[in-house]
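Please look at the sequence and the structure below, and then follow the text from one part to the next.

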Protein chains: 2
Amino acid sequence: MAVEGKITKQAEDFPAWYQDVVREGDLAEVAKIVKGCMVIKPHGYAIWERIQAGLDKRFKETGHKNAYFPLLIPMSFIKKEAEHVEGFAPEIAIVTHAGGKDLPENEQYCIRPTSETIIGHFFAKWINSYRDLPLLINQWANVMRWEMHTRMFLRTTEFLWQEGHTAHATHEDAVNEVEKMLDVYAEFAKNVMAMPVIKGRKTESERFAGAVDTLCIEAMMRDGKALQAGTSHDLGQNFGKAFDVKFQTEAGAEEYVWQTSWGVSTRLVGALIMTHSDDTGLILPPKMAPIQVVIVPIARKESEKELVIPVVDKLAADLKSKGLTVEVDDREGKRPGEKYYEWERKGVPVRIEIGPRDIASGEAMIKLRVSDGKQKIAIDSLAEQLPGILDEFQTFLYERALKFREDNTVSVDTFDEFEAVFKDGGSKFVWCHYDGTKETEAAIKDKTKATIRCIPLDGQGPAKEEGKCILTGKPSKQRVLIAKAY
Amino acid sequence: MAVEGKITKQAEDFPAWYQDVVREGDLAEVAKIVKGCMVIKPHGYAIWERIQAGLDKRFKETGHKNAYFPLLIPMSFIKKEAEHVEGFAPEIAIVTHAGGKDLPENEQYCIRPTSETIIGHFFAKWINSYRDLPLLINQWANVMRWEMHTRMFLRTTEFLWQEGHTAHATHEDAVNEVEKMLDVYAEFAKNVMAMPVIKGRKTESERFAGAVDTLCIEAMMRDGKALQAGTSHDLGQNFGKAFDVKFQTEAGAEEYVWQTSWGVSTRLVGALIMTHSDDTGLILPPKMAPIQVVIVPIARKESEKELVIPVVDKLAADLKSKGLTVEVDDREGKRPGEKYYEWERKGVPVRIEIGPRDIASGEAMIKLRVSDGKQKIAIDSLAEQLPGILDEFQTFLYERALKFREDNTVSVDTFDEFEAVFKDGGSKFVWCHYDGTKETEAAIKDKTKATIRCIPLDGQGPAKEEGKCILTGKPSKQRVLIAKAY
């Protein structure tokens, strides 16, 4: 049972721990009055803004432009691509009444669950010749998929995301785009979120509805489960044909375009939380932290304040001039210990404590969000040293997450060993052989609740080698990644 | 009739001119297949991104934090504030089916037309004590109001906006917030959009549904009509009472909070277009322009290209290092004249032409989007000079818009004069006396289609003086601003 102020231990009840961290970090809350929705509170939204800014910059650097398409999609559009409608129909919300009257059935709309269909419609209008290609569009938007089992950030009826949509003259160009954007996601996850990921390909049954190929990045959460952190789809000519998106080739022939789509969502905030945080609460890598440094002045008497506040204000200004985001917590009526507690729960990477004695000695106490102890650093050198300390902390978190993943990754060759990993609610990243059939994939899931997360791309996971399926003993060309998943 | 490639003259048919400028500037297009919606194309969206960035910075500097609330609002919420439901009920879109089944009537949702109600619900959960106040929240979101008569950017069924929502301990604090955010809008309009505005107060009949007071900024478009460019509402305790948002005062009493809301939308893009553009197409102030400088290399032969391209590339790099956004248009298969034409229609403030002769003379031809001629400037000094030239151009556009407004503003004391201003589809900004009654306001609108745009705030419009209503002759305390409006 959730108790305000308390964080359940990770080892005790991971889902409860996650909820507690989200609540105590003041990141979000379940909306309740709107089925499966949540409110993203300022501290949580500020993390999403950092994800947006980092990715948006990368999308623009790779030649993409942002645009905005309607929220509502005519029901007839959703039905045009056969696999697409099959995948999304059960999850859509439908508008049947608007402007004071009921809409006839052929004028009803669904709220976008994703925008391939409506964007396909406009691509058909905008693309005439090979000169119009590639067309590289991205959209930041809200989407809606009616979910029965929801969890904050990870699975909510409405979520925020970006969806890239591109059209190309050749399949090769489209495949290059799909791989390029997967690399953008993986690089961002690693270098900004400090989150190691495995790049791979989904099996046919896990593919996006309407795609011919889906690539993904998979991250390990601190309970050993996998979280799909981003996907990049090769749509082939499926939507091109459904929406009649044709172009004239340089040779004068008429062809359907080759399309891609790729997206990440607010679920990345959940991934960030479950990659780094601990039993004290949220831990944020400095590049993701809305507040990187909090300074707590230790001063009760007026005379102490007169001494301490000017030093603190100057330090804050100096740190800001180095590009750091700084909060001075000079709130009255709260003891330093209460403040420390609150900022730890909000995941602030570095805390600085400055009182009269520190000023006398010229050194301030600094404390990293994850470390065994405090250290003293000369106040005068803090502005010089902190950017480096934050960089080291960023690297430390990445290395720690990587080590955690390695420690919880196994190669397994028998089904007995395999089942043992997943029993009693456990999960690890398991590299093993399977025979490539849907039947075996379903049987594995059925027996263990673990799923094939991906077939690794070259250079990901263990060295490529042939082997035998753990379940059927049939031949396999390479090991795949299996885990329980969010 | 709209013809691809052609821009109707402003003087001939202003609405057609507007549509042509939007189309030829590649800013947006009517979605058609989604009633009253539009697609914001990359060049139009990039302008919106600049509006977002400029305002978001200002909101944060004034202590506001972004958050995100659900798109769907329970129907019961909309009905809680009596005037609010009366204002918005006719315009809402309702979701009655989701997740594969029909929703019972008490579980139906509307797509937010604005978020006072749902945010009020959460404020009630978040606010307990005076220590929680002020609570200063902003949301960037899409909203939906089912409109019958739509026009791109100005009035669309779905639009993008920001909505600030704040709660305060006293009415005085709320009023200060309402005025502060109006000032933020006015400053942004002036200094970034180069758009002069009049700050004023709406009459009771033009107030936001549920507000006790609505302040606004009104801008003049190039047809003499007014466009409401932003509003800031004093909600009193109306939503506080409807959603039971109470707090304990410092003295220990229990009181309802005082709330405000304020917003601007993608309609600002329309305002920008109609403030500056001309018969050649879009004109953008440099601070709003996604591309501030375009460089067109003039080189056909390979030998010319070898000479020109390195100079152009170096210049582009130098300009970028000064913080300017630069596009080099080295497309093959298009003549320089075609390129000039295209960039003029896209509103790029400065064009630089560089060919072999320019390199020989050391001077390049530069052309401002609005000016009588071209001027030659030493290529070596362009990086130094262009930021200043762009600043001057920004100021020039503001001054020109201000002069246009002054030239089209009149003070009028008789109803004959008044009617003459608005006959034959005309409009100006008219300062005149009216008796302050709803009946007179309605009669004026009925007779002339002009509406009371605002009662000016102190220091706005002509000096305050008493007078007699132009229609009834009854006493009036001050002149108000009347115009036809978008």
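In chain A, 16 residues of domain 1 are in contact with 16 residues of domain 3, where two residues count as being in contact if their C-beta atoms, placed from the backbone, lie within 7 Å. The model is predicted, so local features need a pLDDT of at least 70 and side-chain atom pairs count only at pLDDT 80 or more, whereas totals for chains, interfaces and linings use all residues. Residues are numbered from 1 along each chain as its sequence is written, while chains are lettered from A and ligands numbered from 1 in the order in which they are written.

On the side of domain 1 of chain A that touches domain 3 of chain A, the elements that give two or more residues are β10 (198-201) and β11 (213-220) of chain A; such strands are DSSP runs of E with at least two residues, helices are runs of H or I with at least four, and both are numbered from the N terminus. Of these elements, β10(A) gives the most to this side, with four residues. The residues of this side of domain 1 divide into four nonpolar, four polar and eight charged, if Ala, Val, Leu, Ile, Met, Phe, Trp, Tyr, Cys and Pro are counted as nonpolar, Asp, Glu, Lys and Arg as charged, and the others, Gly among them, as polar.

Chain A as a whole is divided into domain 1 (14-276), domain 2 (291-391) and domain 3 (409-483), with bounds that come from an automatic or database domain assignment. The centres of domain 1 and domain 3 of chain A, taken over C-alpha atoms, are separated by 27 Å.

We now turn to the two chains together. The contact between them takes 36 residues from chain B and 36 residues from chain A. On the side of chain B that touches chain A, the largest share, six residues, comes from β5(B), and the residues of this side divide into 24 nonpolar, seven polar and five charged.

Strand β5 (residues 93-98) of chain A is joined to β5(B) by five bridges, and the two strands run antiparallel; strands pair if DSSP finds at least two bridges between them. Within β5(B), B:A93 is the bridge partner of A:A98.
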